[in-house]
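Here is a short briefing on one protein model. Look at the structure first, then read the points below.

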Amino acid sequence: MLFGETHSAFLTLREQANARAERMAEWHQKAGELSEHRRVIDELEQRAERLAMHSTEMEKLADAAKPLYDSLDDAQTGRFRILLRMAAGRHWHHGSEGFHHG
């Protein structure tokens with residue numbers, strides 16, 4: 001069962017990385033097409049969309065990783081945090097309120 005939980009978590013990470021790459025390519029394309037005089041409201045709406053997508057991705061990752069994480073001992077949870085940071089490609093740290101970008 002551990003393999004299935006691990007596989008599910010890594011599939012979720014891979015899907016998120018692919019989706020992030022697609023969004024970045026789309027963003028670069030749009031950035032080249034937009035005029036200098038973009039409306040501030042458009043920028044705020046786009047930022048809100050990106051944050052909502054990121055929130056959904058983080059929820060999916062947490063749901064996929066929870067069964068695996070819950071089955072780990074203390075030493076393994078420390079290694080899991082390191083691997084998660086590396087796999088996510090971001091610098092996340094664990095604080096009293098959970099994972100934070102830092």
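In which helix does Ile41 lie? Ile41 lies in helix α2. Keep in mind that this is a predicted model.

**The nonpolar core**
- Eight residues build the largest nonpolar core.
- They are Ala9, Leu13, Leu61, Ala65, Leu68, Leu72, Phe80 and Leu84.
- Helix α2 supplies the largest share, three residues.
- As background, nonpolar side chains in soluble globular proteins tend to be buried together.

**Contacts of Leu61**
- Leu61 is one of the core residues.
- Setting aside residues up to four places away in sequence, Leu61 touches Ala9, Thr12, Leu13, Gln16 and Leu84.
- Among these partners, Ala9, Leu13 and Leu84 also belong to the core.

**Thr12 in helix α1**
- Thr12 is part of helix α1.
- Is Thr12 buried or exposed? Its relative accessible area is 11%, so Thr12 counts as buried, because buried means under 20%.
- Leaving out residues up to four places away in sequence, Thr12 touches Lys60, Leu61 and Ala64.

- Which residues make a nonpolar surface patch of about 290 Å²? Val40, Ile41 and Leu44 make this patch.
- Ile41 has 44% relative accessibility, so Ile41 counts as partly exposed. The reason is that partly exposed lies between the 20% cut-off for buried and the 50% cut-off for exposed.

Note on methods:
Residues numbered from 1 in each chain as written. Predicted model: local features only at pLDDT ≥ 70, side-chain atom pairs only at ≥ 80, totals over all residues. Heavy atoms only, no water. Core = buried A, V, L, I, M, F, W, Y, C linked by side-chain atoms within 4.5 Å. Buried < 20%, exposed > 50% of the residue type's maximum accessible area, 1.4 Å probe, protein only. Helix = DSSP H or I, 4+ residues; strand = E, 2+ residues; numbered from the N terminus. Contact = heavy atoms within 4.5 Å. Patch = residues over 30% accessible without salt bridge, like charges linked within 9 Å, V, L, I, M, F, W, Y side chains within 5 Å. Areas by Shrake-Rupley, 256 points an atom, 1.4 Å probe, with all protein chains shown as cover. Salt bridge = Lys/Arg side-chain N within 4 Å of Asp/Glu carboxyl O.
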